[in-house]
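Me: Hey, I've just opened this one and I'm new to it. Can you walk me through it?

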Amino acid sequence: IDGGPNLRWTRGFEVPMHIDTRGHPTLPFVAVRAALERGLSSWHQPDTTLRFIRDPDGRDGDSPAMDGVNLVRFERNALPPEVDPSHTLAFTSPVSGACTGVLFEADITFNAVDTRWSAEGQPPSRTFDIESVMLHEAGHLLGLDHTGDERAIMFPTIGPRTVKRVPQNDDLRGLRAVYGQDVGRLDCTSDFACAGDEVCLY
């Protein structure tokens with residue numbers, strides 16, 4: 001978890017996730033949705049308070065920031081200019097508005113411009129595993145930062161054909177630090193509650 005106000009959802013919150021019904025341009029939608037859901041649900045731990053829930057109908061089309069929708073989508077045409085498609089498999093765009101970093105929304109975008117993806121089994125040559133990358137990006141969605149532990153889901157790089165589908169001890173320590181049962185409720189819920197030199201995130 002990075003320094004400063006940690007990004008987090010409110011304690012005990014169910015986070016609704018929308019999966020773009022356009023799916024991946026070549027992979028079956030049912031397989032892609034199942035891989036994405038497995039990546040999300042792997043973060044559900046019995047001693048933590050947060051759960052992802054899915055809109056059963058998905059959501060079609062683009063979802064701009066600050067629309068209140070947490071969307072997972074595959075970008076087919078072009079990534080934002082600040083994102084290097086040759087070095088980015090996916091990215092998470094969080095929106096928060098309080099000095100504690102309370103999250104209001106977060107979208108996850110997969111690079112389908114020039115990245116080959118696999119939704120089931122062992123990925124073939126030069127192909128990346130959707131579930132493994134979803135698990136990593138869901139960690140960012142939860143507010144976790146990168147770690148130096150190469151075994152962890154939140155390690156910043158992954159290779160083609162690599163499968164990492166189970167959160168490791170380093171990942172779970174970060175999760176429990178933010179969403180453990182004994183974590184108190186948030187007191188700062190608006191910019192006006194910021195004190196001293198605390199930073200409000202947008």
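This is a predicted model: local features need pLDDT of at least 70, side-chain atom pairs count only at pLDDT 80 or more; totals for chains, interfaces and linings use all residues.

Me: Okay, what order do the strands of the open sheet come in?
Reply: The order is S2-S1-S3-S5-S4, so to speak from one side to the other, with mixed pairing among the 5 strands. The edge strands, each pairing on one side only, are S2 (51–54) and S4 (90–96).

Me: And how much are neighbouring strands turned against each other?
Reply: On average by 25°, ignoring direction.

Me: How do S1 and S2 run, and how many bridges join them?
Reply: They run parallel, and 4 bridges join S1 (residues 14–19) to S2.

Me: Which strands does H1 lie across?
Reply: Helix H1 (residues 29–41) lies across S1, S2, S3 (71–75) and S5 (103–111). Its direction is at about 155° to S1.

Me: What about H2, which strands does that touch?
Reply: H2 packs on the sheet and touches S1, S2, S3, S4 and S5. The direction of H2 makes about 155° with that of S5.

Me: Is H2 mostly covered or mostly open?
Reply: Mostly covered: 13 of its 13 residues are buried.

Me: What span should H2 have, and what does the model show?
Reply: H2 covers residues 130–142, which is 13 residues, and at 1.5 Å a residue these should span 18 Å. The C-alpha atoms at its ends are 18 Å apart, so the two agree.

Me: What comes just after H2?
Reply: Gly143, which takes a positive phi of about 110°.

Me: Switching topic: how many salt bridges are there in the whole structure?
Reply: A search finds 8.

Me: Which residue does Glu131 pair with?
Reply: Glu131 forms a salt bridge with Arg165, with the closest N and O atoms 3.7 Å apart. Glu131 lies in H2 and Arg165 in the loop between H2 and H3 (169–179), so the pair ties together parts that are 34 residues apart in sequence.

Me: Are those two buried or exposed?
Reply: Glu131 counts as buried at 7% relative accessibility, while Arg165 counts as partly exposed at 25%. Both also belong to a network of salt bridges that links Arg38, Asp129, Glu131 and Arg165.

Me: What does Asp20 pair with?
Reply: Asp20 has a salt bridge with Arg22, where the closest N and O atoms are 2.8 Å apart. Asp20 is buried, with a relative accessible area of 2%, whereas Arg22 is partly exposed at 36%.

Me: Now H3. Which residues there are buried?
Reply: Asp171, Leu172, Gly174, Leu175, Val178 and Tyr179. Seen down the axis of H3, the buried residues fall within an arc of 160°, so they line one face of the helix. What covers them includes H2.

Me: And which ones are exposed on the other side of H3?
Reply: Asn169, Arg173 and Ala177.

Me: What does Arg173 meet in a salt bridge?
Reply: The side chain of Asp170, at 3.6 Å from N to O. Arg173 is exposed at 54% relative accessibility, and Asp170 is partly exposed at 23%.

Me: Why does that spacing matter for direction?
Reply: An α-helix has 3.6 residues a turn, so residues three or four places apart point the same way.

Key. Residues are numbered from 1 along each chain as its sequence is written. Side-chain values use heavy atoms; hydrogens and water are left out. Helices (H or I, at least four residues) and strands (E, at least two) are DSSP runs, numbered from the N terminus. The expected span of a helix is 1.5 Å times one less than its number of residues. Buried means under 20% relative accessible area, exposed over 50%, partly exposed in between (1.4 Å probe, protein chains only). A salt bridge is a side-chain nitrogen of Lys or Arg within 4 Å of a carboxyl oxygen of Asp or Glu. The arc is that of the directions from the helix axis to the C-beta atoms. Contact means heavy atoms within 4.5 Å. Two strands pair if DSSP finds at least two bridges between them. Axes are lines fitted to C-alpha atoms, for helices over the stretch in contact, and angles run from 0 to 180 degrees between N-to-C directions.
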